[in-house]
Amino acid sequence: GLERAVSVVVKLSNGLETLFNSPSLSDKFKIDVACEVASNNATYGTSLKLSAFLTPRLAEPEVGSDVPRRHQGDLNVMTRPTSRMLFLRTCLAWLRQRQFELSVDILVEFHRNVRSFRGLMDDEMRSMYKSIYEEDCERYPELHQLDGPDVEEQANTYFQKLYTQKMSIDEVVDMLRRYKRSTDPHEREIFTCMIHNLFDEFQHLPNYPDRELQFTGTIFGALVRHELVQ
């Protein structure tokens, strides 16, 4: 079973690291292992946090950053535009079809990580996650602690302040730089949502008035210059 396999892997030198970076193993199996270990660190003599497994696979690597050698193989794969979305979709499918019970603490951590990247979700994924989250909240009321200010609403508020010149482009860029590197999942989610919404606007650019079109172009230029988008 899974427990026996994990017991063997954790005894090997760099066993978990090798398993998580193996291209021959499915992401679903890796999630199984990560949750099993994080749920039973005392049993396995480990100290794995679930976020240490999930976040590098969902987050956009820093441009030009020195990625630790132990993560090179895995993160290089994640630089492809659709890879993060595919992994996120696997996370949602895994949540929907959980193969073993998770402790409430692990479930909260899993949801917290997934929610911080909702800006990557398409409409189908958002609907799937909403259903999963509501179902889990009924079973585990503790999950309601994750409910906070609506990310989409906050992102739109920042755009309104930007286009009405209540915030300058430099101020918004500085904020996005902080949010991109933030350890707060909610701030990272706002960053992802704002970038996602900006790219969604591409299809509407031909209908923009000249002033707004030029202003939007300046915004995109600033984001590229500060390496906030790739």
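Helix α5 (residues 50-58) packs against helix α7 (residues 83-96) at an angle of about 140°, with 8 Å between their axes, where axes are lines fitted to C-alpha atoms over the stretch in contact and angles run from 0 to 180 degrees between N-to-C directions. That angle makes α5 oblique to α7, since oblique covers what is left once angles under 35 degrees (roughly parallel), over 145 (roughly antiparallel) and 65 to 115 (roughly perpendicular) are set aside. The model is predicted, with local features needing pLDDT of at least 70, side-chain atom pairs counting only at pLDDT 80 or more, and totals for chains, interfaces and linings using all residues. Residues are numbered from 1 along each chain as its sequence is written, and side-chain values use heavy atoms, leaving out hydrogens and water.

**The α5 and α7 contact**
- Phe 53, Leu 54, Arg 57 and Leu 58 of α5 meet Arg 84, Phe 87, Leu 88 and Cys 91 of α7, contact being heavy atoms within 4.5 Å.

**Helix α3**
- The 13 residues of helix α3 (residues 27-39) should span 18 Å at 1.5 Å a residue, which agrees with end C-alpha atoms 18 Å apart; the expected span is 1.5 Å times one less than the number of residues.
- Among the buried residues of α3 are Lys 30, Asp 32 and Glu 36, buried meaning under 20% relative accessible area with a 1.4 Å probe, protein chains only.

**Whole protein**
- The protein has 13 helices and zero strands, taken as DSSP runs (H or I, at least four residues, for helices; E, at least two, for strands) numbered from the N terminus.
- Of its 230 residues, 42% count as buried.

Technical notes:
Buried < 20%, exposed > 50% of the residue type's maximum accessible area, 1.4 Å probe, protein only.
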